[in-house]
Amino acid sequence: MKRPRIEGYAVISTEGMIATADGKFPEEIKIPADHEFYQGSVAAASAVANGRHSAEGGIGEKHRKRIILTRRVDILTPDPDNPNAILWNPGSTPFDEVWARLGIDGGTLAVVGGTDTFGLFLSIGYDAFYLTRTEASVPKGRPVFPGVGTTTTADEVMRKHGLVHKGTRMLDASVNCRVEEWGPKG
């Protein structure tokens, strides 16, 4: 099986947070233009990857092939609640094996969170990471990547993993909401 194109999608606060400290998606970073961009991108993907406590949301969520990352299983396991999903413990099975189990040759995998999932795929290798920035403040929340916080930025973490800023597109100028594309050098 051919490896998929791996794309990450996250919207962050000025501090680099994707959720509040209790794991809820903050109202402050819900921007309709970003939601439209995100939903369109996820709908075009061949499959979605998310952590057990994260969700893609949206009308087609249960109909997409999905990889749910969890430490609660030792082997690849069908999700008992969703016939299109498999439960994956990254500590026990290599990613290529997981992708082969989905039965998709190539295609695109949309990685949609949370923190540990975004961090794991930094090591696996993103072909693109779409980072939406907002002007909203969510202090002391859950960061986009492990290590992001008061002294480390999302940009620094991505650069450390070989990603470079490829360009920026304004999604909603009225609230200065913009999406940056990051990808491998070259």
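Helices here (H or I, at least four residues) and strands (E, at least two) are DSSP runs, numbered from the N terminus.

A word on where the values come from. This is a predicted model, in which local features need pLDDT of at least 70 and side-chain atom pairs count only at pLDDT 80 or more, while totals for chains, interfaces and linings use all residues. Residues are numbered from 1 along each chain as its sequence is written, and side-chain values use heavy atoms, with hydrogens and water left out.

## The chain as a whole

The chain holds four helices and 11 strands. Its radius of gyration is 16 Å, which agrees with the value near 16 Å for a compact globule of 186 residues; that radius is taken over C-alpha atoms, and the globule rule is 2.2 Å times the number of residues to the power 0.38. Along the principal axes, the C-alpha atoms fill a box of roughly 45 × 35 × 30 Å.

Buried residues make up 49% of the 186 residues, where buried means under 20% relative accessible area, exposed over 50%, and partly exposed in between (1.4 Å probe, protein chains only). The accessible surface comes to about 9400 Å², and 52% of it belongs to carbon and sulfur atoms. These areas come from the Shrake-Rupley method with a 1.4 Å probe, and for residues only the protein chains shown count as cover.

Contacts (heavy atoms within 4.5 Å) tell us how the chain folds back on itself: of those between residues at least 6 apart in sequence, 59% join residues at least 24 apart.

## The two cores

A nonpolar core is a set of buried Ala, Val, Leu, Ile, Met, Phe, Trp, Tyr and Cys residues joined through side-chain atoms within 4.5 Å. The largest one has 33 residues, and the members that touch the most others are I67, F121, F129, V144 and F145. Helix α2 (residues 95-102) gives the largest share of this core, four residues. Apart from it lies another core, of 14 residues, including F37, A110, V112 and V179.

Neighbours within four places in sequence aside, F145 is in contact with T115, F118, G119, L122, F129, A154, V157 and M158. Helix α3 (residues 115-124) has T115, T117, F118, G119, F121 and L122 as its buried residues.

In helix α2 we find L102, which is buried because its relative accessible area is 6%. Beyond four places in sequence, L102 touches A47, K65, R66, I67 and I86.

R5 lies in strand β1 (residues 5-12) and is partly exposed, with a relative accessible area of 33%. Its contacts beyond four places in sequence are G107, T108, L109, D127, A128, Y130 and E181.

T134 sits in the loop between β8 (128-133) and β9 (142-143). At 4% relative accessibility T134 counts as buried, and with neighbours within four places left aside, T134 is in contact with V11, I12, S13, T14, I29, I31 and R178.

| Pair | Apart in sequence | C-alpha to C-alpha |
|---|---|---|
| R5 and A110 | 105 residues | 8.5 Å |
| L102 and I67 | 35 residues | 8.4 Å |
| T134 and I31 | 103 residues | 8.3 Å |

D155, in helix α4 (residues 154-160), counts as buried at 18% relative accessibility. Not counting residues up to four places away in sequence, D155 touches R133 and W182.

## Backbone details to look at

G113 and G114 are joined by a cis peptide bond, with omega of about 5°. G114 belongs to the loop between β7 (108-111) and α3.

K140 has a positive phi of about 55° although it is not a glycine. K140 lies in the loop between β8 and β9, and at 75% relative accessibility K140 counts as exposed. N176, likewise not a glycine, has a positive phi near 50°. N176 is found in the loop between β10 (163-172) and β11 (177-184) and is partly exposed, with a relative accessible area of 30%.
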